[in-house]
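Colleague: I am new to reading models like this one. Could we go through it in questions and answers?

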Amino acid sequence: MPRATTLADAAAAIARPVGARERRDIVRTVVAVLLVGLAHAAWGHGQLAVDTVATAFLVPLVLVDLRERRLPDPLTLGGAASVLALLLARSALTGDLGPMVEGLLGAAAMAGILLAFHLASPRGMGFGDVKLGLLLGLVVGARSLDLVLVALLLAGLLGGLGGLALMIRHRRRDLTLAFGPYLVAGAALALVVGAA
């Protein structure tokens, strides 16, 4: 039976020295957040807080998925909760419920579509991708509900091309693909297309 995590275990994990890989991941995350901030300074679209907070969760998610083929709940669900809190705060401050409502609808739509794929083929689409859909759906839907389907289509296209390249490179058809990075890339491209 696995031992329960205690407060002392959590404190020991926090006090553990940061390794070279973790330092590189932190630098990549900070650079990505700064780039998002600079993009908003140049082309501002009113979602700076949402986009920078989402980026702070999405970069580590992509890195973990590429390395370990998993999307940890503290990052997927924690990111979704953080973005939702920002959307709620914005709605409370401005009185405009639109972005929050569209973000929730976007989260339901994206996670729902990914859940359908997961139920149809659990080995082909992991449940972590469904939870990532909550975070991405909130971010994309808050900008424009119409972009949610665009984000999924772009993710599918990019994932298909990535899978094909992987099969050609390894000359095998039975390879698995970390789909989280493609979901993130599809969402980012959809937001860029929507901002144009």
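Modeller: Helices here are DSSP runs of H or I with at least four residues, numbered from the N terminus. The model is a predicted one.

Colleague: Which residue just after helix 3 takes a positive phi?

Modeller: Helix 3 covers residues 48-68. Just after this helix, a positive phi of about 55 degrees is taken by Arg69.

Colleague: At what angle do helix 3 and helix 8 pack?

Modeller: Two packed helices are described by the distance between their axes and the angle between them. For helix 3 and helix 8 (residues 180-195), the axes are 8 Å apart. The angle is about 145 degrees.

Colleague: Which residues of helix 8 does helix 3 meet?

Modeller: From helix 3, the residues taking part are Leu58, Val62, Asp65 and Leu66. By class, the contact has five nonpolar, one polar and one charged residues.

Colleague: What covers the buried residues of helix 8?

Modeller: Helix 8 has 16 residues and reaches 23 Å from its first C-alpha to its last, close to the 22 Å expected. Its buried residues include Leu183, Gly186, Ala187, Ala190 and Leu191. What covers the buried residues includes helix 3, helix 5, helix 6 (127-143) and helix 7.

Colleague: Is the crossing of helix 5 past helix 7 left-handed or right-handed?

Modeller: Helix 5 (residues 98-120) and helix 7 (residues 147-170) pack at an angle of about 30 degrees, and their axes are 9 Å apart. The crossing is right-handed.

Colleague: Which residues of helix 7 does helix 5 meet?

Modeller: Helix 5 brings Gly106, Ala109, Met110, Ile113 and Leu114. By class, this contact has seven nonpolar, one polar and no charged residues. From helix 7, the residues met are Val148, Ala151 and Leu152.

Colleague: Does His118 count as buried or exposed?

Modeller: His118 is found in helix 5. Beyond its neighbours within four places in sequence, His118 is in contact with Met125, Gly126, Phe127 and Val130. Buried means under 20% relative accessible area. His118 has 15% relative accessibility, so it counts as buried.

Terms used
Residues are numbered from 1 along each chain as its sequence is written. This is a predicted model: local features need pLDDT of at least 70, side-chain atom pairs count only at pLDDT 80 or more; totals for chains, interfaces and linings use all residues. Side-chain values use heavy atoms; hydrogens and water are left out. Axes are lines fitted to C-alpha atoms, for helices over the stretch in contact, and angles run from 0 to 180 degrees between N-to-C directions. Helices (H or I, at least four residues) and strands (E, at least two) are DSSP runs, numbered from the N terminus. Contact means heavy atoms within 4.5 Å. Ala, Val, Leu, Ile, Met, Phe, Trp, Tyr, Cys and Pro count as nonpolar, Asp, Glu, Lys and Arg as charged, and the others, Gly among them, as polar. A crossing is left-handed if the near helix is turned anticlockwise from the far one by less than a right angle, and right-handed if clockwise. The expected span of a helix is 1.5 Å times one less than its number of residues. Buried means under 20% relative accessible area, exposed over 50%, partly exposed in between (1.4 Å probe, protein chains only).
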